[in-house]
Amino acid sequence: MKDLTPQKPAEGISLVKTYGDFRWYRVSCDCGCDKEISFSIEIDDCSITANMSSTTKTKYWYQRWRVEGNEPWLLYVGKQFCNDWYNRLEVVWKVLVHGYIETSADVILSRQQCLNFSELLKTSIADFDVLAEARMTQYEANKKKAE
Ligand SMILES: [Zn+2]
């Protein structure tokens, strides 16, 4: 397989916002759908906080009453309506009975995206080191001033 090198700007990864030492990225699904991972990194004095989130979905598409395309309009719309509400109420029922529901989110990453994503993590560590060193230098300078 062909060797890859990390890209900048990176394929499939976009920078959404930067606030000081906080960066927010979007990692999009490689299949072309609208799924993505929202990924943020915040660097502070003693750690790097990484947060990953994604919109998960229930099986909202499930048809308890199979909808056929050649049905009379009222039956078609009625089944759609009933399927939609059945799925919603089932989720509510599961939350009431079990206290949680299971959802899933699959985000497909290409080989290049995986490399770019890992490079993003490595870069964050390097940024953290630079910031920690700068703050330590500032701390030492302030300490000397105070003496
Ligand atoms: Zn996808």
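1. The chain has two helices and four strands. Both kinds of element are DSSP runs numbered from the N terminus: helices are H or I of at least four residues, strands are E of at least two. Along the sequence the pattern reads β-β-β-β-α-α.

2. This is a predicted model, in which local features need pLDDT of at least 70 and side-chain atom pairs count only at pLDDT 80 or more, while totals for chains, interfaces and linings use all residues. Residues are numbered from 1 along each chain as its sequence is written.

3. The radius of gyration is 24 Å, well over the 15 Å that the globule rule gives for 147 residues, so the chain is more spread out than a compact globule. That radius is taken over C-alpha atoms, and the rule is 2.2 Å times the number of residues to the power 0.38. Along the principal axes, the C-alpha atoms fill a box of roughly 85 × 45 × 25 Å.

4. Four strands form an open sheet in the order β1-β2-β3-β4, with antiparallel pairing. Two strands pair if DSSP finds at least two bridges between them. At the edges are β1 (13–19) and β4 (48–53), each pairing on one side only.

5. Strand β3 (residues 36–43) is joined to β4 by six bridges in the antiparallel sense. Ile41 stands opposite Ala50 in β4.

6. Of the 147 residues, 7% count as buried. A residue is buried if 20 or more other C-beta atoms, placed from the backbone, lie within 10 Å of its own.

Definitions and conventions. Buried ≥ 20, exposed ≤ 12 C-beta atoms within 10 Å, placed from the backbone.
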